[in-house]
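Subject: Structure handover

Hello,

Here is the structure for your files. Please open it alongside this email; my notes follow below.

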Amino acid sequence: NHYETAYWQMESLIKNGHSHICMLISSKIDISVYRLRWQAYEDALSSHGLSTEYLAESDYQCERAYRELTEVLTMHPEITAICSISDIVTPAAIRAIYDLGKVPGKDVHIISFDGMPSMHYCIPSISTFIQPRDEMAGYIYDLLLGLISDERQHQHIMFMCHLNDRTQIRTNPIVGRIVHKNCYRIRILTDRPFHLRNLHSE
């Protein structure tokens with residue numbers, strides 16, 4: 001659920017006292033799921049009466065992300081946090097903060113989205129919302145086999161992400177309630193039961 005997860009991504013910064021937050025997005029003309037993430041950021045900020053003017057576009061490129069963030073952070077030194085739309089451009093945020101003489105993770109906090117392992121190796125390590133890719137693949141495989149054998153119908157399955165917290169952001173660490181060890185809550189909209197297979201770790 002891109003919208004809900006992105007909303008809580010921004011909420012985690014707000015609830016930790018940040019009121020001047022820069023949104024690092026893909027593009028204003030993006031119509032993909034990344035547009036849903038940006039919409040969620042704006043909705044979360046607006047619900048708290050906070051400004052949505054702090055904005056940097058990336059086009060999924062670190063070079064542009066770095067350039068725009070450097071400009072925004074220079075013009076608005078009051079910014080204390082960056083909400084990054086994707087891990088792929090988050091390293092640019094770290095570098096932009098550092099090159100402006102500030103300390104990433106201390107002077108300006110960062111929270112990201114997608115759960116790439118590379119976030120663990122950044123300095124500082126970046127908290128990021130992880131998509132349950134293995135579980136998604138398992139369900140897709142099971143569903144496709146069921147459709148081929150006429151044992152399943154088309155279904156709308158919504159997977160929930162969780163926060164891999166590598167900093168001190170502790171508010172709302174889980175998006176979606178964990179119902180079993182290594183098991184994500186899954187919303188299933190269907191008229192027929194869906195067999196929960198290949199999800200639990202033994």
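Contact here means heavy atoms within 4.5 Å. On that basis, residues 24 or more positions apart account for 71% of the contacts in the chain with a separation of 6 or more.

Some ground rules. This is a predicted model, with local features requiring pLDDT of at least 70, side-chain atom pairs counted only at pLDDT 80 or more, and totals for chains, interfaces and linings using all residues. Residues are numbered from 1 along each chain as its sequence is written, and side-chain values use heavy atoms, with hydrogens and water left out.

**Overall**

The chain has five helices and eight strands. Both are DSSP runs numbered from the N terminus: helices are H or I with at least four residues, strands are E with at least two. Their order along the sequence is α-β-α-β-α-β-α-β-β-α-β-β-β. Of the 202 residues, 48% count as buried. Buried means under 20% relative accessible area, exposed means over 50%, and partly exposed lies in between (1.4 Å probe, protein chains only). The accessible surface of the chain is about 10,600 Å², and 55% of that belongs to carbon and sulfur atoms. Areas come from the Shrake-Rupley method with a 1.4 Å probe; for residues, only the protein chains shown count as cover.

Strand 1 covers residues 21-25. Five of its five residues are buried, so the strand is largely enclosed by the rest of the structure. I21, M23 and I25 point one way; C22 and L24 point the other way. In a regular strand the side chains alternate between the two faces of the sheet.

Strand 1 pairs with strand 3 (residues 81-84) in the parallel sense, over four bridges. Two strands pair if DSSP finds at least two bridges between them. Here C22 stands opposite I82. Strand 1 also pairs in the parallel sense with strand 2 (residues 55-57), over three bridges. There, L24 is opposite A56.

**Strands 4 and 5**

Strand 4 (residues 109-114) and strand 5 (residues 127-130) run parallel, joined by four bridges. I111 stands opposite S127 of strand 5. From strand 5, S127 and F129 point one way and T128 and I130 the other, all of them buried.

**Q9**

Q9 sits in helix 1. Is Q9 buried or exposed? Q9 counts as buried because its relative accessibility is 0%. Its side chain makes a polar contact with the side chain of Y41, at 2.7 Å. A polar contact is a pair of N or O atoms within 3.5 Å; within protein, one must be able to donate a hydrogen and the other to accept it, and residues adjacent in sequence count only if both atoms are side-chain atoms. Leaving aside neighbours within four places in sequence, Q9 is in contact with Y41, C83, S84, I111, S112, F113 and F129.

**A nonpolar surface patch**

Y3, V33 and L36 form a nonpolar patch on the surface, with about 220 Å² of accessible area together. Patches are made of residues with over 30% relative accessible area and no salt bridge; like charges are joined within 9 Å, nonpolar side chains (Val, Leu, Ile, Met, Phe, Trp, Tyr) within 5 Å. A salt bridge is a side-chain nitrogen of Lys or Arg within 4 Å of a carboxyl oxygen of Asp or Glu.

Y3 lies in helix 1 (residues 2-14). V33 lies in helix 2 (residues 33-47). Y3 counts as partly exposed, at 30% relative accessibility. V33 also counts as partly exposed, at 34%. V33 and H2 are 31 residues apart in sequence but 6.7 Å apart in space, C-alpha to C-alpha.

Best wishes
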